[in-house]
Every structure is written in structure tokens, then in C-alpha cells.
Amino acid sequence: MHRTSLPLLASVLLLLAAPAAAQTTFRGMVTDAETDEPLVGANVVVDGTTLGATTGIDGRFTLVLNRPLPVLLRVTYIGYAPAEMELFDVGADLSIALEPRIISQGSVVVSASRRSEKITEAPAAVSVLFGRDLEGQTTTSPAEVLRNVVGVDVSEQGINSYTVTLRGRNLAFDTATHILIDNRQATTPGLAVTIFGRQPLNPDDLERVEVVRGPGSALYGPGVDAGVIHFITKSPFDHPGTTVSVAGGGQSSYRVTGTHRGLAGPRLGYKISAMYSRADNWAYDAEDEADAAILAVIPDSIYSGVDGRLWDVIDGLDPETFSYAVTGSAEYRFDRSTSLTADAGYSWYKGINRFTLGEIFNEFPEIYGQLRLSRGNLFLQANYLNAANDERTFLYRTGRTLAFNNRKYQLQAQHAAEVPSIRTSLTYGGEYQLVTTDTQGTIDGMFEDDDETVQFGAYTQAQTDLTPRLALTLAGRVDRFQTIEQTVFSPRAGLVYQVAPGHSIRLTFNRAFAAPTNLSLYTDVVVADLAEADPEFADLAGIGDVRLVGGSVPITFDDAPVTVSFIPGVAPVVGMGMPIRAAYEVALQQMSDLLPPALLQFLHSKAGQIEGFSAGIPYDVQDGAGTVRERNYLLKPRRTDMVELGYTTVSPRLLFSASAYYTWKRDFESDIRIFSPLVIALNLGRDLPDAVDAAFTDEELAALGLDRATLLAWFGDAGGALSEVPVGLLQPDQVPVTGRPQLVGSFVNYGKIEYMGIELSATALLTDEVSATANFTGLNQVDFMKADLGLSESSNDRYALNVPKVSYGLKVDYGTGAEGVFASASFRHKDSFVGDFGDLFAGEIDAQNILDLAVGYGLPNGIRFNVTAQNLLDRRYRSFPGLPKIGRLVLASVRYSF
């Protein structure tokens, strides 16, 4: 052996031994951060090398390293944000949880069954939006992000003013969609309407938005006959930090927001949020014929509905809208399963909204308080909400101010239990709600001392695993409407079949009821002058009023009806018709320019001798002659039944859902119906000359140089003219007779309609940076006439859903996370449709094709810049008849998170 062989052999042995000495084995598991489920096929790589491993079917991996520590592991999986972990030494098994990025994120929801469950297990059609869906664009309201959700119709009334509808009727004043903010109802008490501009919703504080489509009364109670939209904000325990943002742009808009979430120890978390925004609303165009007609009815001044004083002078519709809010919350965690959360907030809003009565100027605050206790499967909640305007609200078309101080008190309790022996999960609870109102007589009038509503209910739901793949849901809720003394039962049934992991088919049935609101039940207010109600009354300006009366009393007429005359100075009379003397005096007024003064004076002197009563017939404004419309019942809850078949699949790359449903609606509330029939004295052409004939002697006529035939011809012609126009109206028994004609309007329950709908939605993760969402919503019928409603041929009622038959959209997003470039483009189409919300807001809406674009950039230091162009091509459109046209709106923002 050569002497040089020994060093060479030693070197080889050292080289072989070195890797063995430095070799280190790591084992671990990669899971979904939200569901804790193992992720199969995740890549675990040592940063800067090709060394790595892939997780198996159980989500576990084994990684052998032959290099010194520390090293940086990088874990990636399509559809999830990458994670990094630095390894300093050999320890226990590694546990790495990846945050879903696009598709799988939101696979667990709480709003469908009022407990946590996967989307594929929920017995309802569910969509989830996350705070990052807002981060890539600058908006005036979080409601804007809902415009790209399948089955959701968002109607924009103005800047930061929206109506959001799920599978139901879109109205300027809608209550069908149940809006929640952290389990708290967002509706204004007494009005049961959600004004988004008033909600203290900071976009930077939103964690996610859950959208549950379809009736939900079985769990959530009355009024949830279209669906639930639940805005869930960030917890200080999960998202500590501070975010401030400034935004501004078109329509002189700007917004400033700030949120701080922090911990005062390991168990106490707190959050403070503040925001302010203002803008100039979209304006009516005086050169546009439809807009000019609206501007023409706006009065120059308004007067107090409380004491009659002049309150202000109006120069058209006030364009400014602004809001500000301050909220705070504190959460104390006693242990891992028990927490107590207190929330409170104050908000102020100014803006114009459209309701049944027309354009309404609003300026008033809301105060809320909320207390929530969660302990394991027990959930308790108490809510308080107060809205008071102190005459800062008025009807533009009447110039009359409205005052109210409304309060809502709500108590809720829920508990859940498992029954392993029958593979069943139980959820049960109860609720009590009291709403009180004080309108100083400006809205509730004669109901002022009797206008509170009380409702309470109890519910239970059982979800049973019939087989490992097939689950049955049965639920029911009983609610008592104390005010109208009615009890309703809302059942729910559903089958969910898991075709394969992440794929499910569901078949469900839901029934929902919606109670009449305080406004529908207790309104007693003058809403217009008679001259504004109908062209037939054009000459009656200032003579009478249109009065809206709620449905908490029947609308009936006595066997001996009272006619209130349109002729000033004529007292109400028992009977249907007109005193002939009154007709005689009207005739003389019409002849005043045709007769000599001496003759006219003599004819006036004979008025006291004109006797008799000319009987009339009723004329219904809507149904025609011979009709006296009554409502001999109190308003009833409307009812919605829905059968739905749906399919959902969730995977790292794709979320797809399809739903087909059939809906029955009945006993819905009409728009304002006129109950006071007009009185037409058809026989005045005969009765008036007969009375005149009996009052004059031949000697008197001879002294005047008149013959009887001529005199009777004069009054025959005058009586004939009067017989062709309404001479007065009948007023219901329930309305006090003031001597001033009041055309009384109210609401009725009527009709039964049926329609079908289909919803398709797909979100695909095309690459780690690009995702696309497409949706389609279709309805077979959106406009229903008398034949559909089951009404008589003489009826001219119409019921419009006020949504298009077809709408669809496409949205593409680009971005890798909080840092770097991000962009979003969305296209929305709505077919033309007929909108009908009473006489004030009715007409055809043209088809809409809207393109929105958002771009931005995020810096490593937490600063993020956004620019958003809504309606980029400036294709001006009306979202509803009677609303201003909406054009392009460009907004820019900068946000700093630290």
C-alpha cells in the first residue's frame, strides 16, 4: 500500500461520516387554519434550496436535513397564503396552519344555522365575503361589496344609501332582508328599515360578511322571508393593531376612519372605532323631463308638524349627505369557552331616502348598546337601540316635519346540545322584543298613545346524521304578535347529502312570516294635498288632504255614511250625496259673470228655500263606480314558502354553487290603497232644477222678466255639470270627521304569487395571484297583474318584484397579499325591468352594464394605496324609478395599519 493512500482513505471516511453526524429529521403536520383539517399535497421546502417534502393523505410530512440549523421552512399550498417557520433545534412535531387565501376561506359559517358549520353542510345557500374583499377597493359603504354576490340585488338610492334584497321584492322601503352586525339587528326601530349610511360599519374593521339566501324565520323570527346578511367585525384577540384611513374623490366626497384593537392583559380585549364621511349626492337634472317633474313638487318651505311654525326654507333637495360614528367594545374571556362582550355606539346621519310617502330628509342620531355572553353552547344577548330625530326629518313633497323617538329592547337566549345516541345536534332558544315610539303626533296621530309592538317567540332545530353522508335538518319557530293578536308557526326541513368530501346536494323547505311594521300599523298622518293626489282634484288645492292610516284598525263605513263635501263651508252630512242648496250656491257662483247683479242678488236671497238632498253613488278611485272598499280586519303577517334544490362544491381551486328555488308569497301588503270613495251625485241634473222649480213662484219670475223654462234650463245645465264630478267623499268610521275632506289611504293583505329562480356562482383560483368570480341570477317572472294575483277584472292592482329577470356579473382579482400590486375589475349586467312602488316611484328601468375598476399598492410598512372607479364608462343609470341618475365615481384612499 502506498503511503499516500492513508490520507486519502481518511478523507473519504470523514466525508462519509460528516453527513451522518449532521443529519436531522423533522416531522410535522399541515392543516387548514380555519377548519383544522389536514391538507394533502402541501409543499414544505427549505428556503433557498430544493430540499423539501410533500404532505400525505393525513397532512403529515417527514423532512430530513443534512445542513446546520437554523433553517427557514416555507410551506405553500394552492388556495392558501404561504407560511414560514424558522427551525432552531430539534423538538416536538411541527404544527403548521395555513390561512386560506381565496377559495376555501369562509368554508365555516355561523349564520345559516346559528352555529358553526361548513358551507357544504349548511341547509341553505350561503356566500361569504372577507375583509380583504374590501381592502382592494375604496367604497362609500361596505354594502357595495354585496353587488357582486349571486342572488343579491343592490339598489343605490344615492351616495352611501342602498337597498339590499335577497330573492325578494326590492323596495325603496324594504324589510325583507335581515341585516345583522355582530348578532345585533341593524334596522331602525319602528321603521324596520336599514339605512346603511347610518350604520357604524367601518370597512377596515370587517372580518367577514355572511350572506344566507332564502327564508330564515324558523331561526331568526319574523321578517326574515328573504335571507340574512351578517356583518361580523374583527376581534381584538385575533386582530390586534391599529388602522387609520383617509379617502376622497368625486361628488366632493371624503371619509376618515380609525380603529384600534388591543389587549389589556391576557383576558381582556378592547376595540375603539371612529369614522366620518360626507359627499354631495347625485342630483336631479332640471333639463330632464322626469327629474323636472319631481323638482316641481318640492315646496319652498316646510312647517312643523308639532306646533305649525315655519321651520326652514328649502332650496331644492339638499345634496349633502354625511355621517359620523363612534363605537367601542370590550371582551373579557373567563376561559377558553366563556366570554362576555359589551358593545356600544353612537352615530349621526344626514341624507335623503325614498319611502312610501316620497322623498324624506333625515337627520338624526342612533344610539345602541349590546351585551353578549357566550359559555360553551350557551349564548345570551341583550340589545338596546334608540333613534330620535327631534323634528330633523321632513317629507319633501308636503313640507311637513316629522318627529319621533323610537326605542327597541331585545332579549335573546340560545343553547345547543349533542345527543350522540341518535347522532343529533340540537339548537333551541327564544326571543322577546319590544318597540316603543313617540312621534308627538306627527306620524302616529290618533295612535300616539297606543303604538308599541310586542312580539316573542321560541324555536328549536335538530340536525341528525341519518348516515355518514346524509343529514336531516328539522326546525320550527312559534311567534306571537301581541299587537295584532296573531300567532304563526315557521317550519324548516332540509336534507344535505355529501356526495364526496367538499361536494354536497341539499333539498330544503322554509316558511317565513313577516309582521307589519310600526309604520304600517300606526301611521296617521297627512301625506299630500288632494290636488296632488289625482289630476281630477287639480282645482281643489288647499281644500282637502290625503291621509294615511295604519292597519291596526279596520277600515269600515257605517250604514248611514257621512259625506264630507269638497265645497268650502258645507258641513258634513249624513247620507251619500249632496244637499241641493249647496249645489244651488255653486251654480250661482258659476253664473256670477253671466247674470245682472240685481238678478244675482235676488237668486242668492232664495237659497234658504232650496231644499232636498240629491243622493249619490260611491266611486272608488281604483276600482271604479259603485264600490265601497272596506278592510274589516287588522293587517296580517305576510307569508313566504320556498322549496330549494342546491349543489355546492368547495376545493382549494374552485368554489361552485347552484340553486334552483320555487317561491309562494301570499297575504303581502299592498301599496297605499284609497278607501274613501268619492261621491258622485248623478241625479243633480234633475234634482237641482226640481228644487228650484218648487222654490220660485210665477209672480217672482214675472217681476224679474224670467220665464220658468229658462230658469230651470240654467240650473239643469249647472246640475248636469256637477253630476259629472265628485262633490265630496265618504270617510271611514275610524277617522275623526274634521269637516275637511280627507282621502283616507291604508294597506291591505292580498294576493298569492308564485315564481321560480336560479342562481349560479363560481369562484376559481386561476393562479396564486389571480382569481375570478362569475355569477348568474334568473327569475321566470318579476311583474304580476290582477290575473296572477287572483283579483277581479275591475282591479288595477299590480305587484312588481322591482328586480330584473336576468342579472349576471364577472369579477377578476389580482394580488399576492397585503404587499405589492393588486387590481380588481368587475362587470355587472341587469336586464331592463318595470319598477312599481306606488304612484310616486313607478316606471321602466333601462338595462344596466356597469364596469368597476380598482388598483392599488401595498408597502411593507403597512401603508396601502387604493384607487377605485365605479361605473368607469360613465353610463348613467337609474337604479329605481324616481331616483337621480348615477354616473362615474372615482375614489382614492390611503390606509396605514400598524
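Predicted model: local features only at pLDDT ≥ 70, side-chain atom pairs only at ≥ 80, totals over all residues.

**Whole-chain view**

Residues are numbered from 1 along each chain as its sequence is written, and side-chain values use heavy atoms, with hydrogens and water left out.

Colour by secondary structure next. The protein chain has 12 helices and 58 strands; these are DSSP runs numbered from the N terminus, with helices being H or I of at least four residues and strands being E of at least two. Contacts (heavy atoms within 4.5 Å) can then be considered by sequence separation: among those with a separation of 6 or more, 64% are between residues 24 or more positions apart.

**Salt bridges**

A salt bridge requires a side-chain nitrogen of Lys or Arg within 4 Å of a carboxyl oxygen of Asp or Glu. By this rule, the count is 41 salt bridges.

- Select Arg278 and Asp280: this salt bridge has its closest N and O atoms 3.1 Å apart. Arg278 is buried at 14% relative accessibility, while Asp280 is partly exposed at 22%.
- Select Arg547 and Asp524, whose salt bridge has its closest N and O atoms 2.7 Å apart. The pair links distant parts of the chain, with Arg547 in strand β35 and Asp524 in strand β34 (residues 524–529), 23 residues apart. Both Arg547 and Asp524 are buried.
- Select Lys606 and Glu700, a salt bridge with 3.1 Å between the closest N and O atoms. Here 94 residues separate Lys606, in the loop between α8 (597–605) and β39 (613–615), from Glu700 in helix α10 (residues 698–703). Lys606 is buried at 4% relative accessibility, and Glu700 is partly exposed at 23%.
- Select Glu144, Arg147, Glu156, Arg828 and Asp852 together; salt bridges link these residues in a network.

**A buried aspartate**

Is Asp205 buried or exposed? Asp205 counts as buried, at 6% relative accessibility. Asp205 is placed in the loop between β14 (184–185) and β15 (206–213). Apart from neighbours within four places in sequence, Asp205 contacts Thr233, Lys234, Thr259, Arg261 and Lys271.

**An exposed aspartate**

Move to Asp559, in the loop between β35 (545–549) and β36 (562–565). Asp559 is exposed, with a relative accessible area of 82%.

**Strand β22**

Finish at Ala330, found in strand β22 (residues 320–335) and partly exposed at 33% relative accessibility. Which residues does Ala330 contact, leaving aside its neighbours within four places in sequence? They are Leu268, Gly269, Tyr270, Leu340, Thr341 and Ala342. For a distance display, draw a C-alpha to C-alpha line from Ala330 to Leu263: the two are 67 residues apart in sequence and 9.6 Å apart in space.

Definitions and conventions: Buried < 20%, exposed > 50% of the residue type's maximum accessible area, 1.4 Å probe, protein only.
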